[in-house]
Amino acid sequence: MRFSPRTAWLRTVGKQLGHPSGPLGAVVARVLNRGNRGPIAAAIAELELTGTETVADVGFGGGIGLDLLLAGLGGGLVHGVDPSTAMIERARKAHASALTAGRLTLHEGTMEQLPFGDGALDGWITLNTVYFAPDLAAAAHGLRRVLTPTGRGVVGIADPDWMGRQAFTQHGFRLRPVDDIIAALEVAGLEVERRTFDDPRATEPFNLLVCRVASRTG
Ligand SMILES: C[S@@+](CC[C@H](N)C(=O)[O-])C[C@H]1O[C@@H](n2cnc3c(N)ncnc32)[C@H](O)[C@@H]1O
C-alpha cells in the first residue's frame, strides 16, 4: 500500500477503533459513545432483562453499554471486559460509585479468553468487536461457554459490504460475512436469530445476532 498522510491517518483510526489508547483514544471513546448508543440500546433490549441478572459488555470501548446496563439493572451485576487499558481506566473513573457499590466489575481481557467461569452470565452484548478478534471460533466458544442455559447474548456487527466501503476498515479490521459469524456461533452451540437495527449513518441496517444456548447442548 502506498504511503500517504491519508493512509497514515486511516491506519491510525483503524488502530484506535481496534484498541483505543492515549489522548486520541479518549476522543475515539466519545465518538463511539455518541455514534453507537442506538444499536447498543437495541442490543440490550434484546436481552429482555428483568433487573437482577449478571451481564457483561464485552469490548465496551467508550462505555455507553455499561451506562445503559447499569441503568437497566436495579439489582443485577454488570461486568465490563476490554483489552484496552485506556478504556478500563476511563470506565474506572466514569463509574467509581458503581465499582465501589460492587455493581460493576471491570476486566482487562478479550472475548477469546473471557475472565468468567462456565455459565456465569445471564447475558452479554458485544458490538463492533468481532472485527478485531483474530480467532472467531475461539471467540464464539468463549461467548457460549460463559452463558447460562437460559441466557441470551447479542453480537452486533455493521453490514460487511457497507463496512468494506469505509476507508478506515482497510486497516486492522476483519470483515467477515454475517453468515460466517452466525455459522461460528452455531458451531459453538448457540442458536442465532438475526435481527436488524436501522442505523441512520449507514446505507445498510446494522445486524444484531441474538444468541441462545442451543437446546441440543443446553
Ligand atoms: C470499535 S470499539 C467498539 C466499542 C463498543 N462496543 C461500541 O460499540 O461502541 C471496539 C472495542 O473492542 C475492543 N476489542 C478489541 N479486540 C477485542 C477482543 N478480542 N475481545 C474483546 N474486545 C476487543 C477494543 O479495545 C475496543 O474498545
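Reader: So helices are DSSP runs of H or I with at least four residues, strands are runs of E with at least two, and both are numbered from the N terminus. Which loop is N128 in, then?
Author: N128 sits in the loop between β4 (121-127) and α6 (136-145). Keep in mind that this is a predicted model: local features need pLDDT of at least 70, side-chain atom pairs count only at pLDDT 80 or more, and totals for chains, interfaces and linings use all residues. Residues are numbered from 1 along each chain as its sequence is written.

Reader: Ok. What's up with the phi of N128?
Author: The phi of N128 is near 60 degrees, a positive value in a residue other than glycine.

Reader: And is N128 buried or exposed?
Author: N128 is buried, because 21 other C-beta atoms lie within 10 Å. The cut-offs are 20 or more for buried, 12 or fewer for exposed, and partly exposed in between, counting other C-beta atoms within 10 Å of the residue's own, all placed from the backbone.

Reader: What about E48, where is that?
Author: E48 is in the loop between α2 and β1 (54-58). Its phi is near 50 degrees, also a positive value in a residue other than glycine. E48 is exposed, since it has 10 other C-beta atoms within 10 Å.

Reader: Switching to the ligand: how many residues surround it?
Author: There are 25, and the closest are N36, G59, G61, T110 and F132. A residue counts as near when its C-beta atom, placed from the backbone, lies within 6 Å of the molecule.

Reader: Which elements give two or more residues to that shell?
Author: Those are α1 (5-18) and α2 (22-47). α2 gives the most, with 3 residues.

Reader: Now the core. Which residues have the most contacts inside the largest nonpolar one?
Author: A43, V55, V154, V155, I181 and L185, in a core of 53 residues. α2 gives the most to this core, with 8 residues. A nonpolar core here is a set of buried Ala, Val, Leu, Ile, Met, Phe, Trp, Tyr and Cys residues joined through C-beta atoms within 7 Å.

Reader: What does V55 touch?
Author: Leaving out residues up to four places away in sequence, its partners include L47, L69, V78 and W124. Contact means C-beta atoms, placed from the backbone, within 7 Å.

Reader: Last one: what's the overall make-up in helices and strands?
Author: The chain has 8 helices and 7 strands. Of its 218 residues, 41% count as buried.

Methods: Contact = placed C-beta atoms within 7 Å.
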